[in-house]
Structures are given as structure tokens and as C-alpha cells.
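Hello,

Please find the structure we talked about below. My notes on it follow, for you to read alongside.

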Protein chains: 2
Amino acid sequence: MSESQLAALKIDRDRLWRDLHETCQWGKGERWGDGPTDIGMSRLTLSDEDKQARDYFVKTNKDLGCEVKIDAMGNIFAIRPGKNNSAPPTYAGSHLDTQPTGGRYDGILGIHAGLEALKTMRDNDIETEYPTGVINWTNEEGARFPISMVASGVWADAIPLQKAYDLLSVGASPVTQKSELERIGYLGSLPASYAENPIGAHFELHIEQGPILEASGGLIGAVEGVQAYKWFTVSVKGKDCHTGTTDFANRSDALLTAAKLIVHSHDRASEMGCLASTGILNLKPGSTNTVPGYVQFSLDIRSKEDAKVLQLEELLKAEFAKIAGGEKVNGMNTQGTRGRGCTVEWQLDTDSPATKFHKDCIDCVERSAADMIGTENDKKVQRMTSGAGHDRIFVPCRDGVSHNPSEYCSPEDCGNGAQVLFGAMLRYDRLRAGKKS
Amino acid sequence: MSESQLAALKIDRDRLWRDLHETCQWGKGERWGDGPTDIGMSRLTLSDEDKQARDYFVKTNKDLGCEVKIDAMGNIFAIRPGKNNSAPPTYAGSHLDTQPTGGRYDGILGIHAGLEALKTMRDNDIETEYPTGVINWTNEEGARFPISMVASGVWADAIPLQKAYDLLSVGASPVTQKSELERIGYLGSLPASYAENPIGAHFELHIEQGPILEASGGLIGAVEGVQAYKWFTVSVKGKDCHTGTTDFANRSDALLTAAKLIVHSHDRASEMGCLASTGILNLKPGSTNTVPGYVQFSLDIRSKEDAKVLQLEELLKAEFAKIAGGEKVNGMNTQGTRGRGCTVEWQLDTDSPATKFHKDCIDCVERSAADMIGTENDKKVQRMTSGAGHDRIFVPCRDGVSHNPSEYCSPEDCGNGAQVLFGAMLRYDRLRAGKKS
């Protein structure tokens with residue numbers, strides 16, 4: 001196959017759109033509009049709905065003639081043979097799980113674009129140099145079992161298997177991640193290990209989940225690397241007391257303190273050009289007329305640079321303790337009544353350093369995008385940094401909205417992304433074989 | 001009986017202590033110390049444990065020869081006949097329900113002191129002028145069904161019966177207050193109405209739930225009136241988005257906004273000499289890497305004066321909207337990044353105006369306290385305002401702590417309170433009959 005033949009191959013954009021939305025029947029979320037696909041997703045990892053989507057994924061790949069392997073974290077690897085099957089595959093991969101109030105494109109688009117790439121190879125009788133494939137990673141979201149990318153993390157030897165197995169689900173009646181893998185029948189026998197089950201390359205198509213491409217007229221983002229982030233659980237300990245009979249000076253109000261810390265983390269992250277966010281907050285005892293004596297909240301801090309994440313972490317650790325003790329710090333505790341103080345404890349849940357992607361992969365994405373768009377307008381293809389912890393190819397999403405039922409990626413943008421993914425996989429396959437990408 | 005004979009009658013302090021702690025077997029909470037009674041309470045209203053405590057209350061009163069009546073809100077009225085039974089009784093009353101992480105004295109002491117008063121009357125063959133009795137009011141705490149003093153409120157015609165019946169329990173799988181009354185067998189046939197079921201007077205012994213008596217060496221507080229308060233549910237609406245890919249300027253962070261509002265309510269209440277507290281906070285969707293798009297929190301504001309509560313409410317209503325929109329108000333929004341803003345909605349849940357108690361009742365408490373203490377040291381008996389929404393006679397509690405497992409009232413203070421309650425009931429009974437109190 002010549003390079004111009006390669007560039008002329010097209011995925012089936014209608015089939016991609018139809019199949020993607022067909023699988024959104026499993027784990028339907030909130031309706032946000034009148035259209036047939038204007039319904040969000042709530043497909044928590046390892047739920048019954050996730051199992052249905054997984055079963056579809058396995059069957060579709062088997063029907064395509066793929067070998068399907070499941071590892072000890074429930075990661076599913078579907079492999080389409082190439083000419084030389086002694087080397088690991090070039091994969092497309094993403095995730096079928098969603099946030100509790102998520103949308104139809106985050107993760108799901110990446111999986112379906114991978115499936116569409118394999119279907120297009122079949123339709124065109126393409127025999128690749130090496131195997132190609134598609135991966136569904138378990139619990140990329142970290143919404144139900146609160147470490148994101150935990151199963152790919154185990155595979156990469158960044159997270160111990162037992163820690164991942166023992167993770168408890170959030171909310172009432174917690175269950176372990178392992179017990180849920182077992183329950184839905186996706187606890188595989190293959191070791192979850194990059195050494196035992198290597199990959200040749202991994203391309204992930206993903207919605208940008210941010211506003212940059214849309215605002216600047218870009219169609220494709222060629223991601224150069226991933227932002228660093230750390231996730232913490234911060235616990236504030238005060239003392240329960242009656243709201244009507246305890247004056248401010250005699251309180252140790254854990255929620256008032258937590259509120260100050262959340263505002264302060266935002267203020268400091270703003271100053272330093274980082275991000276800081278709290279998405280979970282739980283308190284005890286939970287009664288209108290009782291001052292909470294205990295609050296736990298999540299803290300997610302991010303930057304393009306590892307050093308800045310560390311700097312922000314160290315600053316906040318020092319200052320949270322002072323603020324909880326009643327000291328004045330950067331505008332905090334300058335108003336109101338000083339109480340008896342609270343104590344603060346930090347627990348590190350996830351540490352994800354910044355990542356730089358391999359030049360060859362970035363090149364394959366850019367060339368594949370150029371095949372589709374033409375090279376005359378390079379504003380349409382942009383180099384970017386990923387704010388989320390994965391992703392290789394970005395397409396725009398409306399208003400930058402994600403992790404929300406109304407998350408939306410148009411049929412055109414879905415198709416563009418899948419076309420670029422398909423081309424990048426084929427180009428990388430040729431590059432590995434010593435051919436021009 | 002002469003006045004000096006009356007002053008010489010003593011309750012049985014050991015029996016009071018023993019019986020009180022015996023009933024704390026139903027609804028045990030967290031252990032906080034090594035002693036046999038160093039265990040908190042978690043006896044939510046209309047739970048199985050509350051039913052067990054109610055059954056004990058009914059049986060004990062019947063054994064004392066009392067008539068027991070249950071009204072449509074599950075309030076239990078136990079009546080010991082007097083010489084003239086055509087007039088309504090002089091009651092002691094309080095509540096057997098507790099906060100989810102409550103202690104052994106809030107409410108429970110008031111009930112047991114009432115029982116001990118009736119036992120002491122029986123032991124001494126006292127025939128009162130009019131009936132006397134003891135009341136257990138349903139759901140005084142408002143912890144499970146979130147309106148405090150809701151059943152006494154229905155009785156007083158301040159809250160419609162249907163509204164009280166329809167109240168949903170907080171937390172997962174809500175049930176109505178009426179269904180729980182029915183389930184535990186305490187949905188009585190007597191109308192919950194002061195007109196149909198009047199009372200002559202109502203004395204409540206209660207721990208102070210604050211630090212004043214202890215700090216000033218007081219033994220008994222003679223309460224003159226009750227603080228005004230209002231309870232609100234404040235809803236903050238923003239938009240869910242991904243924490244890694246959405247910059248601060250493009251967020252509508254409902255939790256960051258709620259945190260500012262909680263801090264601001266504290267600041268304004270401090271300035272105005274009022275109280276403001278948040279005891280409940282719920283958010284959606286609840287994921288570390290999703291900025292919450294929706295937060296609901298309780299706001300409890302209090303003052304001795306109705307006008308000040310209203311003034312604080314109006315100020316906060318105006319300023320919450322501005323702060324949520326990103327405007328600078330009293331130090332809020334002066335740091336950090338201005339986002340896209342959130343909206344705020346208020347719902348009034350409870351409106352409890354300030355109350356002044358009747359002079360005769362206050363006199364009876366003071367005279368009864370003087371009987372016990374002697375009149376030489378009036379620092380030991382103090383006139384006070386109640387911060388909680390009920391109470392007539394205060395005794396100290398350690399460190400002012402209440403609504404906490406480690407809430408503690410010593411055997412001496414429990415006994416002092418019960419002795420003063422007993423004396424006040426008898427003095428009021430005589431006063432009604434035209435005798436010197």
C-alpha cells in the first residue's frame with residue numbers, strides 16, 4: 001500500500017455514530033435535551049451496565065476475528081493479527097466506564113473509534129505489519145473506586161495489584177474492586193502487567209474536555225504530554241456541638257474550617273497558575289443544629305510541571321494547619337470570630353507525574369490529521385497538553401463541557417477523531433516496520 | 001403540707017442516675033471513655049431503639065398509676081391524678097430522641113427527672129392540687145426528620161399536621177414521619193392539639209448545652225426565654241466539569257461558592273452578634289475529578305432578638321447572590337479567579353421566633369432552687385436565655401459540650417436539676433390553687 005493509498009482510506013462515520021449511541025443504552029443518565037442522543041450517561045465501572053457494555057465489546061471484537069484477552073484487573077485486550085505476530089500490537093484504547101453524571105463521549109468515543117478502525121481494516125482487507133488492537137481499561141474514571149486510571153496503573157506497575165483489589169467503592173455499603181470484578185465475571189487470569197502483556201504503542205482518541213480547540217477553531221489536538229496531578233483526602237477534625245448554645249469562640253467547627261481551606265486552595269492555585277479542586281466532601285454528624293466535628297474532602301491539584309504541584313502541595317500543607325488553628329493567612333481568618341481551632345490531616349491517594357509522549361507517536365497523529373485536513377491550514381491541527389491523565393488525540397467538545405450529561409461532540413468531530421486515530425495506527429504500524437510513517 | 005415541709009422533700013438522686021443510664025442501653029452510640037456510662041447515644045426518633053425507650057416510658061408511668069395518652073404525633077402524656085382533675089396537669093416534659101452522635105443527657109435527663117418527680121410524689125404519698133405528669137415529645141431534635149420540635153409544634157398549632165406527617169427522613173431511602181409513627185406503633189388517636197389536649201404548665205430540665213454555668217460557677221439556670229432562630233436550605237447551582245481540563249475562569253464551581261457563603265455567613269453573624277451555622281452539606285455528583293455542579297447546605301441563624309435574625313437573613317440573601325455571581329463582598333472574591341458564577345436559592349424550613357417565659361414559672365424555678373441551695377449565694381442560680389428551642393431549667397454540662405457522644409452532666413448536677421424540677425412542679429401546683437408558691 002502506497003502512502004497516498006493509505007491517506008485515501010476512510011472510516012465509516014455513520015456506523016461509528018450509530019454504534020456508539022446504540023451502546024449508550026447501557027447506563028443511561030439524565031436527559032438534557034430533546035434529541036434521541038441528548039441523554040447523559042451513568043455507567044459506573046464494574047456495574048451491571050458496565051458488564052453489558054463489556055460483553056458487547058468482547059462480542060464485537062470476536063466477530064471481527066480478534067483474539068480477546070482479559071487481565072487480572074478486568075482490562076480487555078482485543079488483538080487483530082498482522083503479518084508478524086511476534087511483536088506486541090499497536091493499540092487504540094480508552095474506557096467504557098463513566099462518571100455518575102457523565103456524558104456519551106468521554107472514554108466511549110475512544111473505544112468506538114478503536115472498534116471503527118478495526119472494522120475499516122477488515123472492510124479494506126488490510127493486513128498490517130504487526131498486530132493492531134483495541135483496549136478497554138477498567139475504571140479509568142476513578143469515580144466508583146476512587147483512584148483514576150487504577151487498572152492501567154496496575155498494568156504499568158505504578159499501583160500494587162492488592163491496593164487496587166482492596167479499593168472500596170464510595171457511598172453506602174462499600175464493596176471492593178476485586179469483588180465487583182469477580183461478580184460481573186471480568187476477573188481475568190492474565191497478569192495485569194506491561195512486562196507480561198506488553199503493548200507496541202497506545203493511541204487514545206478523546207474529547208478535549210476543555211474549551212481550547214473550540215475557541216480557536218481547531219479540529220484535532222495532537223497531545224504532546226499530560227499534566228501532573230495529585231489527589232489527596234484532607235480530614236479536618238473539630239468537635240460536634242449544639243448550634244444554638246455554643247458561641248463562636250467555643251466552637252471547633254470542622255465545616256467552617258474546611259470551607260476556608262477550599263477557598264484558600266483555590267486562591268493559592270490561582271496565584272501559581274495551577275488548578276485545585278474539591279469534588280467530594282463528607283461530614284459528621286450531619287444535623288442542622290449540630291456544628292460538624294469532622295469533615296473529609298478531596299483535593300485535586302494540577303500543573304503542567306511536577307515541581308509546581310509539589311510546591312503548591314507543600315505550601316497548602318503548611319498553610320492549612322495555620323488556617324485551621326485560627327492564624328491569619330492570605331486573607332483567611334481576617335474576619336469572623338476565632339474559635340478553638342481544628343486539626344488537619346492529609347492522605348495522598350494518587351500521584352500522577354507529568355508525562356511527555358514519544359515524538360514518533362505525535363508525528364503519526366499530525367501526519368494522519370494532515371491526510372484528512374490537508375496541510376494548508378495548520379491552525380486546525382494543534383499541539384496541546386492534556387489536562388486529564390491520558391489521551392493522545394483531541395477533538396473539540398461543545399463549550400469544553402465534560403463530566404456532565406450534556407457533554408457533546410458532534411458527528412463531524414467524532415468522525416474526524418476516529419479518522420485520525422485510524423490513520424495514526426496504520427502509520428505507526430508502518431513506522432515500526434521501518435517504512436515511512 | 002407547709003412550705004418548709006415542701007422544701008424538705010428530696011428526690012432519690014441514685015435512682016435517677018441508675019434509671020437514666022439503664023435506658024441508654026437502647027440506642028448506644030460511640031464510646032468516648034472507659035467508664036460504664038462513657039458511651040454516647042444514637043437514638044434517632046421513631047427508630048426501633050426509640051420505640052424501646054418509649055415502651056419503657058409508658059410502662060414506668062403505668063406502674064406509677066398514671067393514665068397514659070398518645071396523640072397523633074406520637075407525643076406521650078402520662079398523668080398522675082391530683083385532688084381536682086378538671087384542670088389540665090402541670091407537666092415536666094422533654095424528649096427521648098437524640099442526635100445521630102448525641103449524648104446521654106440532652107432530652108433524656110429531662111424525661112428521667114420528670115419520672116423521678118412522679119416517683120418522689122408516690123414515695124411521699126403526695127396528693128397534688130391538680131394533676132401532674134410527664135410528656136415525651138416526638139422528634140424534638142429534628143435530626144432524622146429535619147424540623148426540630150416538630151411534634152410539639154403541631155400540638156401548639158404552629159406546624160400543620162400534614163406537613164409533619166409528610167416530612168421525609170434524611171439520608172438514603174427516605175421514609176415519612178407518619179409511616180414511621182405507624183411502624184413503631186405510636187400513631188395515637190388523640191388529636192395533636194393544645195386546644196383538645198391542654199396543659200397547665202410545662203417545665204423542662206435540660207443541660208445548658210453551653211459553657212456559661214460551668215464557667216461562672218452556677219448550678220441552676222432559671223431560663224427567662226428562648227432565642228429566635230430560622231433554619232434554611234440553601235441550594236447553589238453551578239455546572240459539573242472536569243477538574244483537569246477546565247480552567248478556573250470557565251468553571252461554575254458550586255462547592256467553592258458554597259464554601260465562600262459558609263465563611264461569609266460566619267463573618268456577618270460575628271459582626272452582628274448573631275450565630276450562623278451549617279451542619280448539613282450535600283453535593284453532586286461527588287467525584288474527585290469533577291467540579292460539583294450542585295450543592296445544598298443547611299443554614300441555622302440565631303439571635304436573642306427576632307429583628308436581628310431577620311436583618312441577618314436579609315443581608316445574607318442579598319450578599320449570597322452577589323458572592324455567587326463573583327462580586328467582591330466584605331473580603332470575599334478578592335483573591336482567586338473569577339469563574340462563570342453560580343445561582344443561589346433559599347428555602348425556609350423552620351421559623352422559631354424568640355419566646356419569653358411566664359413570670360410565675362420562672363419564680364417557681366428560682367424558689368425551688370433556693371430551697372435546695374439556700375439563698376446566701378445567688379451566683380449559683382442565674383437567669384439565662386436558652387440557645388436551644390425549649391428548656392426551662394438549666395444544669396451545667398462539661399465544657400459546654402452537647403450533640404456529641406462525650407456530652408456529660410455529673411450525678412450531682414443531674415440530681416440538682418431533678419430536685420429543682422420537682423420543687424418547681426409542686427410550687428406551681430400550689431400557686432394555681434391560690435396558695436403561696
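Does Asp157(A) count as buried or exposed? Asp157(A) counts as exposed, because its relative accessibility is 60%; buried means under 20% relative accessible area, exposed over 50%, and partly exposed in between, with a 1.4 Å probe and protein chains only.

Some ground rules. This is a predicted model, in which local features need pLDDT of at least 70 and side-chain atom pairs count only at pLDDT 80 or more, while totals for chains, interfaces and linings use all residues. Residues are numbered from 1 along each chain as its sequence is written, chains are lettered from A and ligands numbered from 1 in the order in which they are written, and side-chain values use heavy atoms, with hydrogens and water left out.

Chain A as a whole

Chain A has 12 helices and 19 strands; these are DSSP runs numbered from the N terminus, with helices being H or I of at least four residues and strands E of at least two. Its C-alpha trace spans about 80 × 50 × 45 Å along the principal axes.

Of the 437 residues in chain A, 62% count as buried. Among contacts with a separation of 6 or more in chain A, 77% come from residues 24 or more positions apart, where contact means heavy atoms within 4.5 Å.

The annotated domain

For residues 229-324 of chain A, UniProt lists "domain: Peptidase M20 dimerisation" in an unreviewed entry. UniProt positions are given in the numbering used here, feature names are shortened, and annotations may be inferred rather than shown by experiment. Over residues 229-324 the chain is 40% helix and 31% strand, and the end C-alpha atoms are 24 Å apart.

Thr278(A) sits in the loop between strand E12 (275-277) and E13 of chain A. Thr278(A) is buried, because its relative accessibility is 4%. Residues that Thr278(A) touches include Ile262(A) and Phe297(A), and also Leu255(B) and Pro292(B). Its C-alpha atom is 27 Å from that of His242(A), 36 residues apart along the chain.

Backbone points to check

Most residues other than glycine have a negative phi, and most peptide bonds are trans. The bond from Lys284(A) to Pro285(A) is cis, with omega near 0°, and Pro285(A) lies in the loop between strands E13 (281-284) and E14 (290-291) of chain A. In chain B, the bond from Lys284(B) to Pro285(B) is cis, with omega near 5°.

Asp157(A), in the loop between helix H5 (150-155) and helix H6 (161-166), has a positive phi of about 65° although it is not a glycine. Gln209(A) has a positive phi near 60° and lies in the loop between strand E8 (205-207) and helix H8 (212-216) of chain A. Gln209(A) is buried, with a relative accessible area of 1%.

A loop in chain B

Ile126(B) belongs to the loop between helix H4 (108-123) and strand E6 (132-136) of chain B. With a relative accessible area of 8%, Ile126(B) is buried. Ile126(B) touches residues including Leu9(B), Arg80(B) and Leu426(B). Leu426(B) is 300 residues from Ile126(B) along the chain, yet their C-alpha atoms are separated by 9.6 Å.

Regards

Key: Lists of a residue's contacts leave out its neighbours within four places in sequence.
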